[in-house]
Amino acid sequence: MTKHTFTTCLLFFICIGTQLAALPWRSDKSFQPEDSLVEIELTKKIHSYQQPWLSHNQTGNKNGLVIGPNQILTTADGLSSNATFRIRKGGESRRYEAQLRSIDFQANIALLDVEDPEFWDQMKPVKFAGEIPQTGNLQIYRWRSGRIEERAAEIVRLYIGSGKLSDLSHLVLLASSEISAAGWAEIVMDGNRLVGLTTSGSKNKQLTILPATFIAAALERGPCNDGPGHGFFDFYWMRASNPALLQSKGLDPNTNEGIVVTRATIFEDHSNTLRDGDVILEIDGFPLDKEGKYIDPQYGRLSLEGLSTRRHAAGESIPMEIWRDQKRLQIDYPLPRADFNHGLIPDRQYDVEPRYRIAGGLLFQPLDGPLMRALSKKNSGAMEYYREMQPDIGRPSLVILSTVLPDDYNLGYENIGPLMLDRINGQPIHTLEDVAHALDNPPNGFHRIEFMHDDTLKHLVLDAASLDAATERVLRQYRIPRAASKEL
Amino acid sequence: MIAPLQTVSIQSVRRIQKILPFLSVLLTGILQGAEAERAVVKIVNFSQAPDWQEPWKFSQVRPGAGSGFVIAGNRIMTNAHVVSWSRQILVFRYQDPQPYRASIEYIGHDCDLAVLQVDDPAFFEGLTPLEIGELPTVRSSVTTYGYPAGGQQISYTSGVVSRIEIQRYSHIYNRSLLTLQTDAALNPGNSGGPAIQDGRVVGVSFQGNPDLENAGFIIPPEVIRHFLSDIEDGRYHGFPDAGINIVPLHNPAFRAFLKLPNGEGARIDRIFEPFPETQKRIRENDVLLEVDGATVGSDGMILYKGNRVQASVLFDAAQNGASVPIKIWRDGAALQIDLPVYVNTEDRISGSQYDTPPPYLMIGGLVFTELSLDFLRSLGRDKRNTDAEILYELFYRNFQDENRSRTKPILLATQLNHPGNIDFRVPLRSILTELNGQPIHSMQDLQTALQNPPDRFHHFKFSNHRIEALAVEDAAAIDHELMEAYQIPAPSRIHD
């Protein structure tokens, strides 16, 4: 080949390459986003945790995807069952009323339906990818101002992470994209197959994507289809990387297998299966290395937590091989159901109105994560300790006196709170129902309220006979519609 | 503009005659002040505080300047914080460039006071010691003397006593005592200098509050005298405490529940640990009616020399081990009780510590020390460094019981990496709960447990449920190598 011919060929390939680069990445003409992608407008109530009888409206937009007859898939983020939904399709200005059919906050997915049959005209369901790609580029679609916006995304990596709304462990896809303000269920496609829905975006142009394979499994086993629910590993573990620790347990110090269980019971009693100090060698047939990773046949090296949702639902048993007392043992680990009400102070609550009871101007509330986030700097150090450590203190849950609405009745107590309740009239307080029951039984004409021993005040006393009248007066004075949340 | 004398009118003379008595008082004060300034000294302290995370080390030497004043007995009084962690103290007389070596004779960190002695008796020649006066009244004027930053010469500022109340003493952090607040400008370097009224010391400048404008704080004569009286037996004990939490008792229903006949008295909500003598004599929900003859209001205050002050001021007035007569209300009747008060030495970790460097013990390059407020502060302001467990252990643990209040949590302060411990996987600041199967509640427990490994491994268990092990033989060798490498003088420092 002469020098001239070589130069001509080089220029030709450069031109072709430039033309190819100008095309949308792996654009597949068989997928028409406007046939499947919809825009969801939702209006929901936002509750105040500091004044739990108050709420306000909030309106927002996100994306949805037709995945089957009368099924529009979106993420659960920002949704609640009392929201109203309107859906636009094809960039039209017409909005269709939609209903929430099911919602799974643990998995962060929801299904909506539109009753108007006209809506479904020309709408085509999208198929899920059977496997999540681990390299290459993807396409992101969303509606913006009545037009489809298409952006490219480059896969960064797959990993086992936590859900945005829960601590459920599952596969998460991380991608890089120039798209702005994403994370509201923008659809991520590989050709004409759904790879996932975006769950969050960040300033460093990285997107987290809920993979379609996890969505499919969650739709099957989660509350969307009255399934058994999602499981999780209710134990803490640490790497077995210290040879001395392995040796002290009678294991080969040079072994590359196993992790050490440091807390076998967090929320439920698993003492008949796992124990503190056990070394877990295999889970569900997958050997674990000393960093807690296993080799997934599809996705390679992943963290063991992913095995809790990979192919099992809550209630199923997962076989484990462990090392205990110098012996290998086979055990079956019953997978606990992921539940937002786990723990002394549940960290998250979704789709529930804040619960409260007012008595004589004293506002009682169950202590949970949203309330602590609302109280912020008012939380005592003891409350923060209980939230972080979830210690076993012999009670299943906590109720606090969060604030006092000043009235002659509660004179002298105006500045107290938040305080954790121990007893009222001698009865232990774990729930708001306990508060109501205890206040029904005042001894000697007084209500005696005791707070937890590690809080800043221990006692207060109120008059029993005038409690109801004081409560009524406080409700009028502060324009509070009812003395307790609806379900109470 | 200054008017010539010959032009002074009759009316002017009459006006001068009217204000002459006030001028006389003012002139007396100025003259006495002129004497006072000779007794005010500049103090330069070269200090070296310990490193709380690497407790075998000390910081670089830091010079700091403060003020002090000569009192009876050839002593210099100053703030404890002016001379803390000193390696060398130099004192300078008024308008005299000659430095004199001084040393701490007594120091009271709880009241932020210290007295110094000077090696050279010539230092005190020609100096008239200042006398300690009485508690000044609110709105009366005081003049502060000292050597604040921004110049070499003595500085004077005047102001009024704005209020008198119990305030937290920031030097120790977990003690609150009687304090004078003034609007006289107090700046760094003023610390330890006297506040003078009518030629007598009515306070020692000691702290400010950056959140307030024109507010400086002064240690009052009551606290100064308590300190001087305490050291008369040759040892400083400190300010005692009754060990009770007094809370207001305004609510009519609570008062009726306690069958109180009138509007006086505040409630004892909690008895702190460890105060065994108080536990024997006092019950929760007793109502404090009188302390040392002073009536306690429903807000927990007494009238103290014309000021409404928390009743605890009268417990503070007693010396360690003394009994304070109190009247309480219990079960519908008044009771007279003599309540012994003691200095609480068990809560030292929740306050700033001085004089004694932190204890530590090294095991295979893992350095354990006591959890303390100083350790917490050494982590900086980063919130991520202060997990809830550490705060709980420091500030709430005393609420549990007497045994718990006497224990001192031990944590992993530092891991000096070595090939033999590089895979030890426990986060720094984890609290050690067990070593070799023995529960750990103090450095002494740690030292004992270290001597008794159940096999050829040391077994560690932490409050975050982490477990780890180190071979006993390896641990000793690792320590030996690391002590050489990092110039660590000893594998442990454990106080009795």
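The structure is a predicted model, in which local features need pLDDT of at least 70 and side-chain atom pairs count only at pLDDT 80 or more, while totals for chains, interfaces and linings use all residues. Residues are numbered from 1 along each chain as its sequence is written, and chains are lettered from A and ligands numbered from 1 in the order in which they are written.

We may start with chain B as a whole. Chain B contains 11 helices and 28 strands; helices (H or I, at least four residues) and strands (E, at least two) are DSSP runs, numbered from the N terminus. Its C-alpha trace spans about 100 × 65 × 40 Å along the principal axes. Of the 496 residues of chain B, 44% are buried, a residue being buried if 20 or more other C-beta atoms lie within 10 Å of its own, exposed if 12 or fewer, and partly exposed in between, with C-beta atoms placed from the backbone. Two residues are in contact if their C-beta atoms, placed from the backbone, lie within 7 Å. Among the contacts in chain B between residues at least 6 apart in sequence, 62% join residues at least 24 apart.

Turning to the meeting of the two chains, the contact draws 33 residues from chain A and 32 residues from chain B. On the side of chain B that touches chain A, two or more residues each come from helix 4 (252-257), strand 14 (266-271), helix 8, strand 26 (457-462) and strand 27 (467-471) of chain B. That side of chain B comprises 18 nonpolar, five polar and nine charged residues; here Ala, Val, Leu, Ile, Met, Phe, Trp, Tyr, Cys and Pro count as nonpolar, Asp, Glu, Lys and Arg as charged, and the others, Gly among them, as polar.

A helix pair bridges the chains as well. Helix 6 (residues 381-389) of chain A and helix 8 (residues 388-395) of chain B have axes that come within 8 Å and cross at roughly 140°, and that angle makes helix 6 of chain A oblique to helix 8 of chain B. Axes are lines fitted to C-alpha atoms, for helices over the stretch in contact, and angles run from 0 to 180 degrees between N-to-C directions; angles under 35 degrees count as roughly parallel, over 145 as roughly antiparallel, 65 to 115 as roughly perpendicular and the rest as oblique. Helix 6 of chain A contributes Gly381(A), Ala382(A), Glu384(A), Tyr385(A), Glu388(A) and Met389(A) to the contact, and helix 8 of chain B contributes Ala388(B), Glu389(B), Leu391(B), Tyr392(B) and Phe395(B). By class, the residues of this helix contact are seven nonpolar, one polar and three charged.

Each chain also holds a barrel. In chain B, six strands close into a barrel in the order 7-8-9-12-11-10, with antiparallel pairing; two strands pair if DSSP finds at least two bridges between them. Strand 9 (residues 176-182) of chain B pairs with strand 12 (residues 216-219) of chain B in the antiparallel sense over three bridges, and Gln181(B) stands opposite Phe217(B) in strand 12 of chain B. In chain A, a closed barrel of six strands runs 1-2-3-6-5-4, with antiparallel pairing. Within chain A, strand 4 (residues 84-89) and strand 5 (residues 96-104) run antiparallel and are joined by three bridges, with Phe85(A) opposite Ala98(A) in strand 5 of chain A.

Helix 3 (residues 221-230) of chain B is mostly covered, with seven of its 10 residues buried. These buried residues pack against strand 5 (99-108), strand 6 (113-118), strand 9, strand 11 (200-208) and strand 12 of chain B.

Strand 8 (residues 137-144) of chain A is likewise mostly covered, six of its eight residues being buried. Strand 8 of chain A runs antiparallel to strand 9 (residues 147-162) of chain A, and eight bridges join them; Arg142(A) has Glu149(A) as its bridge partner in strand 9 of chain A. Strand 8 of chain A also pairs in the antiparallel sense with strand 11 (residues 187-190) of chain A over three bridges.

Finally, Trp329(B) lies in strand 19 (residues 323-330) of chain B. Trp329(B) is buried, because 22 other C-beta atoms lie within 10 Å.
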